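Visitor: Hello! Could you walk me through this protein, one question at a time?

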Amino acid sequence: MQIHQSTIFDVQEQTLSLLKSSQSVVDRLIEDKELHVKNGLVEASYLDDAKSILKNEYQKANELEMVIAVVGTMKAGKSTTINAIVGHEVLPNRNYPMTALPTVVTHVKGQSIPTLNFTNKEPIIKLSQRIAKKINGMTVDEAQGIDFFHHKDVEGILSTLKSKGQLMLSNLYEGQEEIFQFLKTLNDIMRLAKELDIEPPYEAYRFIDDLPTIEVEFQHLSQAEQQEHGKLSIIDTPGPNEFGQSEKLKAIFKEQLQKASAVLLVVDYTQMNSEAGGAVREEITSVQNSLGERFFVMLNKFDAKTKNDVSKEDTVSFFCKLMDGSIGPESVFPVSAQRAFLANRAINELQSTGSLNVQENWVPDFGQIAFGEDWEDDIDDVDDVKKKALKIWKKSGFETPLENVILEASNNAALLSLESALSQLDTINSQLGEGVNSYKEAISISVDSLRDAIKSIESDKLKIEAIQTQTKKSLSEQSQAINLLINTLSQKAIKDASKQTEQLFETKNNMLFEQKKTQKTRDEVRKQKIFDRIRQKFNKSNSSNKESFENLIKNGEIKFENSEKAEAQNFISFINKALEEIQKDAHQSTLSQIDKTIINFNQRFNKQVEEDLKDVLLQASARLKDSGLTMTLSLNKISTNSETTPLETISTTVQKSTETRFKTRVKDSMFSKFANWFSDDWGTETYSVKEEVYIIKIGDIKKKSSIAIEKAMDKISMNADQYLSKHIQPQIEAYINDVSNYLEKYRKTLIAGLSTQKKSKEAQELLIQRLEVFGDEIKCIVEDTNDSKDDLKSTV
């Protein structure tokens, strides 16, 4: 995709001009408080937010900067993902929340040594002074009562605060060690503030230019063609489980999402359905419409996938279902960020130095993945190390998102930065235009028409309340129907699984003994060989103390001698594998039917709610139009995310026991030994010994299998019930509330117009004139924004 430089700069100039014009409108609206409508369409808080977004978009458009916000929960691997993207360890990893403030990482061609710029340091210095003052005023007992004070990592910062009275910060930090130390200090001062109930100055860091910014060359972009225009930056944001109790930090997170050119969601593959993961998805839903195709997901830690888990393709499909189809499979990438980072680092290290230094802390991690526990024996074999590193890199799955997201973003940073700015211009000015025009119309029409319009909106709100009541009733009825279905399916699954477990130990026509005529897989052949070996060992002797393998299974207990430990372990390993398959089949067959039922219900239910609300709004809009008023709210699609229930299989084990065995021996006397020469029975005695045996109890195996399946069914039932009450219902209610809130804002705007009509005619006319000026300016900005969007498309 090539961009013509002269044209892109033309569009940039237009966009910057529109942003300036829009900023001017917002600034003047903020100053003209008579035009503010409390809780209306144009209120002070919305104007403040719009001002912040426009300023941020101007910064990005001026630099032609494409900003990707990396979001996710703590421990999902955000920092590791960014390190893997950059190809350098620019962000540290710790076991507790590390993202005290969003941190920007910018690609700068040719800069091999990372530098961190933090020019907006004064708010943090002032925070440290407040913390130091509070610490120095504490008694010994008070200080002893704060656990974080005893954390080894904060000894240095506490010492500095006590002796200096503040942090000593610089504007610039060079190299990994200095950057890590600064980020650690920043993180610790924020945590100290939290421990001491001091609110950090988050509001001072609303704009990209105010944030800590690391500049370094992204290794994977080093060979890419240098773009003469456009800049790529990544923001490491705090996740929902890092907010603590700070609403201000949560607001920063939301604001960065709104301002981002694209969003990359990092999800822990092993925790796809966690509540925190759901919270991230809910936050992203609010900005997805403006992002469009600029929303991507990395299913991190995919190397934790076992052979019993579903395939990569099915995992991606399942995740898209979790997101209610709001993202396509082409934008979801199963990866292992840690493996990608380590493999890439090993490859680069070999290219630059020819070997790996085992003293560096990342090398043992790489060695373990590449060679296992004895990695030190092989790490000096450069050819083998390179071969292993390339294999790990390929299997990490990171190459695809690097090409499809990062390289694409870098090549099109200019285009995407302007796309983002024009999208925000359109959204902000459309709402401002409606608010200004609605207020002007409310002053211009007759008082009687205005009162009728206000009453009609109140009536419409009552209709929406009725829709909400009906929604709750429908959800309750659906919950009961699903619970009945789950109960029926669960009973069938438990019965079928119990039958399969019984068949596992039947000696006729079963998987252990039947020699199948059908083609066997390699795994089935291996299992059959194990059982043939075990059965032959049991059946080779017809002695009275050795039952046949088949009889032992019939009797419900299989004993292996101490010397047969390996056979016992092989047997139980196969049994566990078979039980796992039975439990998995029962779980998946039940879950798939429940999923289909819930998805079908969601689609029907969402469609019905959307149609009901649409009818209310169309009728409201038609009535208002008759009164000389305009209402332009358009509904988005309802987005309700699904959840699933993880399967917990139960395995059985070999029980080690001892048995008393009776044996004979020659008595310890000369006569007995002499007599035994003539006959084995002469001169002998019977004695007892305790010997270890390995016992497998078939009854226990069947019981544990039933417990596992019943537990899985209970979880499916509980999860489905909670899904409807804690996920579907709140999301539907939030959607309905958005419509209701819009009507309320519109009603408040009309009431403000009614109040204004009590003023003098001259005052009303002056107000209308100011509103008309703003309305005309905003209309021109919206029209020019759409023209610029068309011009931008023509540059591609």
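Predicted model: local features only at pLDDT ≥ 70, side-chain atom pairs only at ≥ 80, totals over all residues.

Visitor: Which percentage of the contacts join residues at least 24 apart?
Guide: Here we look at contacts between residues at least 6 apart in sequence. Among these, the share that joins residues at least 24 apart is 83%.

Visitor: Why can side chains pair up, and how many salt bridges are there?
Guide: Side chains of opposite charge can pair when their charged atoms come close. For a salt bridge, a side-chain nitrogen of Lys or Arg has to be within 4 Å of a carboxyl oxygen of Asp or Glu. By this rule, the count of salt bridges is 22.

Visitor: How many residues apart are glutamate 43 and lysine 745?
Guide: Their side chains meet in a salt bridge, with 2.7 Å from N to O. This pair links distant parts of the chain, with glutamate 43 in the loop between α1 and α2 and lysine 745 in helix α21. Glutamate 43 is buried at 14% relative accessible area, whereas lysine 745 is partly exposed at 24%.

Visitor: Which helices hold lysine 789 and aspartate 426?
Guide: These two side chains form a salt bridge of 3.0 Å, N to O. Lysine 789 is partly exposed, at 26% relative accessibility, and aspartate 426 is buried, at 19%. The partners are 363 residues apart, and their helices are, in that order, α22 and α15.

Visitor: Aspartate 460 and lysine 463 also meet in a salt bridge; what separates them in helix α16?
Guide: The N to O distance of this salt bridge is 4.0 Å. Aspartate 460 is buried, because its relative accessibility is 1%, while lysine 463 is partly exposed at 32%. Both sit in helix α16 and are 3 residues apart, so their separation is about one helical turn.

Visitor: Which residues are linked in a network of salt bridges?
Guide: A salt bridge needs a Lys or Arg on one side and an Asp or Glu on the other. The network has both kinds, and its members are Asp32, Glu34, Lys759 and Arg770.

Visitor: Is leucine 64 buried or exposed?
Guide: Leucine 64 lies in the loop between α2 and β1. Its phi is near 50°, a positive value in a residue other than glycine. Its relative accessible area is 3%, so leucine 64 is buried.

Visitor: Where is lysine 301 found?
Guide: Phi of lysine 301 is near 65°, again a positive value in a residue other than glycine. With 29% relative accessibility, lysine 301 counts as partly exposed. Its place is the loop between β8 and α10.

Visitor: Which residues form the negative surface patch?
Guide: One of them, aspartate 380, lies in the loop between α12 and α13. Aspartate 380 counts as exposed because its relative accessibility is 63%. The patch is formed by Glu373, Asp374, Glu376, Asp377, Asp378, Asp380, Asp381 and Asp383.

Note on methods. Residues numbered from 1 in each chain as written. Heavy atoms only, no water. Patch = residues over 30% accessible without salt bridge, like charges linked within 9 Å, V, L, I, M, F, W, Y side chains within 5 Å. Areas by Shrake-Rupley, 256 points an atom, 1.4 Å probe, with all protein chains shown as cover. Lys, Arg positive; Asp, Glu negative; His and termini not counted. Charge placed at Lys NZ, Arg CZ, Asp CG, Glu CD. Helix = DSSP H or I, 4+ residues; strand = E, 2+ residues; numbered from the N terminus. Buried < 20%, exposed > 50% of the residue type's maximum accessible area, 1.4 Å probe, protein only. Contact = heavy atoms within 4.5 Å.
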